[in-house]
Amino acid sequence: MAVEPTVAELLDRFGRTYAEEAGITLRDKPSPLYRLLVLTVLCSVRISAGTATAAARELSAAGLRTPRAMAGARRRTLIEALGRAHYVRYDESTATALGQGAELLLDRWHGDLRRLREEAGGDSERSGELLREFPRIGPVGAGIFRREAQAVWPSLRPYFDERVLEEARTLGLPDEPDGLAALVGPGDLARFAAALTRASLAHVGAG
């Protein structure tokens with residue numbers, strides 16, 4: 001299969017970011033960036049992406065769209081919101097992680113993840129190190145955040161984690177970031193990364 005039809009097919013079939021699925025209109029502003037961080041925490045356990053994005057929507061609907069709101073929320077409010085999304089196996093530990101993470105963001109970066117980016121000097125690897133200071137976020141979670149945030153943080157581009165690169169290799173596409181990025185415009189990098197991630201998960205499910 002030629003490269004161009006493969007890319008077009010991927011974007012058409014799978015090109016929805018996880019932020020979009022979670023109802024987040026991602027912008028370089030404190031609240032949507034924080035909601036992406038919450039989604040990252042939710043995705044950082046062995047649970048389906050659909051359940052994690054549903055939980056992110058429920059937390060948002062409960063008014064927990066800022067670190068200050070999250071830090072001040074009753075624990076029961078968090079657990080009930082997670083329960084409505086059937087995010088139940090990890091509800092207690094997730095409520096703890098979200099509360100602690102909100103406090104860290106408020107204390108260290110005044111509730112604004114753009115300050116974390118500034119502290120990292122725009123460097124992707126350093127940004128990943130700082131993201132891993134949040135409870136529950138490890139290397140995979142830091143990758144999830146950067147993969148999605150590159151839509152509004154050009155300094156992260158191009159960001160493709162190892163899973164994405166492996167899927168690209170499987171499909172006969174370039175398996176290094178710059179070559180893969182050359183196949184789409186800068187504005188489509190996050191969508192392309194999400195599409196390759198979803199394609200990879202579809203292959204796992206089919207297997």
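Predicted model: local features only at pLDDT ≥ 70, side-chain atom pairs only at ≥ 80, totals over all residues.

Student: OK, so F134: what is its relative accessibility, and is it buried or exposed?

Tutor: F134 has 2% relative accessibility, so F134 counts as buried.

Student: And W109, buried or exposed?

Tutor: W109 is buried, because its relative accessibility is 2%.

Student: What do W109 and F134 form?

Tutor: They form an aromatic pair. Their centres are 5.7 Å apart, with 35 degrees between the planes. That pair is tilted.

Student: Where do the two residues lie?

Tutor: W109 lies in helix α7, residues 91-109. F134 lies in the loop between α9 and α10. They are 25 residues apart in sequence, so the pair ties together separate parts of the chain.

Student: How many aromatic pairs are there by this rule?

Tutor: The count comes to three. One of them is F160 with F192. Their ring centres are 6.2 Å apart and their planes stand at 85 degrees, so this pair is edge-to-face.

Student: Where are F160 and F192?

Tutor: F160 is in the loop between α10 and α11. F192 is in helix α13, residues 189-206. The pair links distant parts of the chain, 32 residues apart. Both F160 and F192 are buried.

Student: New topic: helices. What describes two packed helices?

Tutor: The angle between their axes and the distance between the axes.

Student: At what angle do α3 and α10 pack?

Tutor: About 145 degrees, with their axes 9 Å apart. Helix α3 covers residues 30-43, and helix α10 covers residues 139-149. The crossing is right-handed.

Student: Which residues make the contact?

Tutor: From α3 they are L33, L36, L37, T40 and C43. From α10 they are G141, I144, F145, E148 and A149. The contact residues divide into seven nonpolar, two polar and one charged.

Student: What about α9 and α10, at what angle do they cross?

Tutor: Roughly 125 degrees, and their axes come within 9 Å. That angle makes α9 oblique to α10. Helix α9 covers residues 124-131. α9 passes α10 in a right-handed crossing.

Student: Which residues make that contact?

Tutor: S124, E125, G128 and L131 come from α9. A142, F145 and R146 come from α10. This contact has three nonpolar, two polar and two charged residues.

Methods
Residues numbered from 1 in each chain as written. Heavy atoms only, no water. Axes fitted to C-alpha atoms, helices over the stretch in contact; angles between N-to-C directions. Helix = DSSP H or I, 4+ residues; strand = E, 2+ residues; numbered from the N terminus. Left-handed = near helix turned anticlockwise from the far one by under 90°. Contact = heavy atoms within 4.5 Å. Nonpolar A, V, L, I, M, F, W, Y, C, P; charged D, E, K, R; others polar. Parallel < 35°, antiparallel > 145°, perpendicular 65-115°, else oblique. Phe/Tyr/Trp six-rings, centres within 6.5 Å; stacked < 30°, edge-to-face > 60°. Buried < 20%, exposed > 50% of the residue type's maximum accessible area, 1.4 Å probe, protein only.
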